[in-house]
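Open the model in your viewer and follow along. Each stop gives a selection and what to find there.

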Amino acid sequence: MPFGTKDLAAASARDLLRLGNVVCDGLGIQRLGYRRVVQRLVQSEACPTPAQARAFVQSAVRHLCPQHASAID
């Protein structure tokens, strides 16, 4: 899956887990909210499109922190 300048298909499981945990921390500990987490991803070094960032956040929540599912509904 392309993610801006990065290819997530080539990323290691550790890298994906790290990025997913950052998303979960943003929604949980930092209480940034869905839109702000997506915005931060879009503004990151990888420069994903908003659609790519939204898809990643949704996947991270589904697989790593389902307790934050209400943030993306």
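This is a predicted model: local features need pLDDT of at least 70, side-chain atom pairs count only at pLDDT 80 or more; totals for chains, interfaces and linings use all residues.

Residues are numbered from 1 along each chain, and side-chain values use heavy atoms, without hydrogens and water.

**Helix pair.** Select H1 (residues 13-27) and H3 (residues 50-64). Helices are DSSP runs (H or I, at least four residues), and strands are E runs of at least two. The axes, lines fitted to C-alpha atoms over the stretch in contact, lie 9 Å apart at about 90 degrees. H1 and H3 are therefore roughly perpendicular (65 to 115 degrees).

Now show the contact (heavy atoms within 4.5 Å). From H1, pick Leu16, Leu17, Leu19, Gly20, Asn21, Val23, Cys24 and Leu27; they meet Phe56, Val57, Ala60, Val61 and Leu64 in H3. By class, this contact has 11 nonpolar, 2 polar and no charged residues; Gly counts as polar, and Asp, Glu, Lys and Arg as charged.

**Largest pocket.** A pocket is an open set of points on a 1 Å grid where a 1.4 Å probe fits, with protein on both sides within 12 Å along at least five of seven lines; lining residues have an atom within 4 Å of a point. Centre on Phe3, Leu19, Val22, Leu41 and Ser44, the nearest to the pocket's centre among 19 lining residues. The space is about 330 Å³, a volume filled by probe spheres set on the points. H1 gives the most, 6 residues.

**Second largest pocket.** Select Met1, Leu8, Leu16, Leu17, Gly20, Phe56, Ser59, Ala60, His63 and Leu64. H3 supplies the largest share, 5 residues. The lining has no charged residues.

Definitions and conventions. Axes are lines fitted to C-alpha atoms, for helices over the stretch in contact, and angles run from 0 to 180 degrees between N-to-C directions. Angles under 35 degrees count as roughly parallel, over 145 as roughly antiparallel, 65 to 115 as roughly perpendicular and the rest as oblique.
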